[in-house]
Amino acid sequence: MRQFRYVVLLACLVFSSLCFSQKPEDWLPITPQDQQMKEVPGNPGASAVQLYYADLIDDVAHTEFFYHRIKVLSDKGKEYADVHIEVPPEISVGDLKARTIHPDGNIIEFTGKPFDKTIFKTKGVKVQEKTFTMPEVTVGSIVEYKFKFKLGEGYFSANAWTIQHNLFTVKENFYFKVAQGGNVSYAPINIEQKPKQKGSSLELSVENVPAFESEGYMPPEGNYKSAVLFYYVPKDAPTSDKFWQDYGKQYNDRAEHLLGNYKEVKDAAAEAVGAETDPDKKLRKLYARAQQIRNLTYERERTNTELKKENIKGNENVADVLKRGYGDREDVTFLFVALARAAGFDASVVMVSSRESKFFLKSVLSARQFDSQVAAVQVNGKNLFLDPGTKFCPYGLIRWIRTSTAALKLDQNGGTFVIVSPATQDKAVISRTANLALSEDGSLKGDVTVEFKGGEALERRLSAFKTDEAGRKQDMEDEFKTWLVSGAHVQMTSAKGWDATDDPLVVQFSVEIPGYASAAGKRLLVPVYLFQVKQKETFKHAQRKYPVYFPYAFAEMDKIFMKLPAGYSLESAPPIQQADLPAARYENFSSLAGTQLVTQRALLLNGIFFDVAKYAELKDFFSKVQAGDEEQAVFRGGSVNAQKN
């Protein structure tokens, strides 16, 4: 049993059929047009322009070659000296070269070493990057870099050319070499120009591609950028409905074979359930039993030699999974379905797609859009979706990437397309409690305890298992800093619950923020809410082009205790701040308790997708959130009676 793997991006190194005369991995000559270009057509204020881009995919060699050439047009454009290469899972990066070409033709090679970096995107989503800084970049400089993605043998692939980028691109070349014996089809996304077939390869050249202008909290950009998707199909490709029906039948036959009807599984189910009679409690015990299996998906990849040395074999059915006590996420999910059936439940395997980088397209006849499986079980007359194959995933929760997108519930007739409902806001909660003291000089110091619950805990646990204790500490400190004003000093002091499933992940920090409060005579003006408003940049514009999209519903619950400086009293505190929408609620209020100002704040968002027509009311809501979070209290030095609010 091997998990279907959805991996994006593969490549090619040796192709002479492109429109450059030398090998494509060589540096291209700098043309007079490159040197003379001073501004972007139709956008004279653009800070930079991409002069050339290449994406060469080889589905035989399992590689993908990228080439970027960017010209800096203004001081702001010098930010492109900092290069960020987003690295998909299970991909390695090789043959990286970079250089800076000055306007006088002088070339400075990059001789440093890239850094591996984790960045945080919307709602704590982590992305792995390789980063480095180009040498001696000035206005008028050309920076260019090239690298190759490598994918191990034996992996399935899903390939795409991304045509549109965040910079205006003068010229682009694309190449795709088809795997031997493969029959490839393609789907143009937001582009009319089609690739040209040349033997066993496809080629495309485009010019003057407009920059893609993204918006904060928008759906994955892959749904809107111009692109070409590739997928392998049978020689006589069926219609969309027939394709998915045939796939569902084939996979269901495979699933039923793997599930079987094994005595060992029936015995294990009976032992796990014991004397319990309540259906929900029985299922919880079976879920916990399945998650006791060592989940190899969440361990590092091993070579064949290492697998042999550790005596790790491929499981042929759920009886093997139970006997050996290990398997991948597919194995764990199948075992749970088998256990549930053995205990008398109506249970099915559900093929699910991920919406992390792109939404499912039924018109794209590629089964690799389904990257994993979950389970569907009838409990007390309701269809319950469960995700036992995801390590640390609590009972009743489906990881967000597998919700609100297409899923295929298998049966002998080919299955039925269903949508797995997303979790509500109470299933992804961040609770922060801060105990702080404000000094007379305006600095703030103290401790903050953060509890991550449900989906919020799951995401951080899944990220943490890939690194060591030092890496966990660094990641948590980096994320915590994004919540605070610049200049804050943060240190994680403890953490517990990394390996739990149902319990919160609890992390403690020590914090020091110089200049947190500002002085005005004998008064200190103090922001009452410690954390930064993450959505303010998203809603500063009057109009919106794309829907507003949050990966998952969430709740932020904060309580901040701020001790007044010696000799100071509260002169004024902000009034209660409130805002409501059908799918959102906000409240923030402060009051004096002895010598402490206590601020309590709640932000609840119970939705993930808001179309453009809803932008105005959502903008108004988050404007109120921002205004409330930026309210200040006034502390006065001397013997002034504290005023409570």
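Which residue just after α2 takes a positive phi? In this predicted model, the residue is G260, with a phi of about 55°.

The buried residues of α2 are F243, W244, Y247, G248, Y251, N252, A255, L258 and L259. Because these residues cover an arc of only 155° around the axis, they lie on the same side of α2. Exposed residues are found on the other side of the helix, namely Q250, D253 and H257. The buried residues of α2 pack against both helices and strands: the helical partners are α6 (318-324) and α7 (329-342), while the strand partners are β17 (347-353), β18 (370-379), β20 (406-409) and β21 (416-419).

The chain as a whole contains 10 helices and 35 strands. For 645 residues, a compact globule would have a radius of gyration near 26 Å; the chain has 28 Å, which agrees with that expectation. The C-alpha trace spans about 85 × 80 × 50 Å along its principal axes. Of the 645 residues, 51% count as buried. Among contacts in the chain with a separation of 6 or more, 76% are accounted for by residues 24 or more positions apart. The accessible surface of the chain comes to about 29700 Å², and carbon and sulfur atoms contribute 48% of this area.

Terms used: Residues numbered from 1 in each chain as written. Predicted model: local features only at pLDDT ≥ 70, side-chain atom pairs only at ≥ 80, totals over all residues. Heavy atoms only, no water. Buried < 20%, exposed > 50% of the residue type's maximum accessible area, 1.4 Å probe, protein only. Helix = DSSP H or I, 4+ residues; strand = E, 2+ residues; numbered from the N terminus. Arc of directions from axis to C-beta. Contact = heavy atoms within 4.5 Å. Rg over C-alpha atoms; globule rule 2.2 N^0.38 Å. Areas by Shrake-Rupley, 256 points an atom, 1.4 Å probe, with all protein chains shown as cover.
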